Amino acid sequence: MIYFYVGIGGMIGASLRFLIGEWLKAPDQWFPYSTLTVNLTGSFLLAWFTMGIVEKFSLSSKWKAALGTGLVGSYTTFSTLSMDAVSLYERGDVVLSLLYIAISIFGGLALSMLGFTLGKRRAS
């Protein structure tokens, strides 16, 4: 039955990711803004959900799987990040490719810490 919750969360997360891709379609032609946006906001959301929602409301493992694995898991994408970085490199934008990777990793860590901190406050 937990698969059902993961599937519903995954459908919502994938739909949100698609909508952000459509919204940022034009700027994406120069830089992968949509992938960066979903990975950075997903880093924040996963930490915030885990600390702020799951802990505060003592959600069951089904809801935890739906929000974390399903929704945020399908919303974010490491494989697209990797592909975008290679595409930037292949078109000769080596510095931009490295900057994209650095912003994704360190920005994701920073936003995870922010989400963790805000979620922990909410749970208290």
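**Helix packing around H4**

Start with H3 (residues 33-54) and H4: their axes come within 9 Å and cross at roughly 175°. Axes here are lines fitted to C-alpha atoms, for helices over the stretch in contact, with angles from 0 to 180 degrees between N-to-C directions. H3 and H4 are therefore roughly antiparallel, the term for angles over 145 degrees.

This is a predicted model: local features need pLDDT of at least 70, side-chain atom pairs count only at pLDDT 80 or more, and totals for chains, interfaces and linings use all residues. Residues are numbered from 1 along each chain as its sequence is written, and side-chain values use heavy atoms, with hydrogens and water left out.

Who meets whom? From H3, the list includes Thr37, Thr41, Leu45 and Phe49; from H4, it includes Lys64, Leu67, Leu71 and Tyr75. Contact means heavy atoms within 4.5 Å.

Now H1 (residues 2-23). Its axis and that of H4 (residues 61-75) come within 7 Å, crossing at roughly 30°. That makes H1 roughly parallel to H4, meaning an angle under 35 degrees. The H1 residues in this contact include Gly9, Gly10 and Gly13, and those of H4 include Ala65, Ala66 and Gly70.

Stepping back, the protein chain has six helices and zero strands. Helices are DSSP runs (H or I, at least four residues), as are strands (E, at least two), numbered from the N terminus. The order is α-α-α-α-α-α from the N terminus on. The C-alpha atoms fill a box of roughly 50 × 30 × 20 Å, taken along the principal axes.

Definitions and conventions. Angles under 35 degrees count as roughly parallel, over 145 as roughly antiparallel, 65 to 115 as roughly perpendicular and the rest as oblique.
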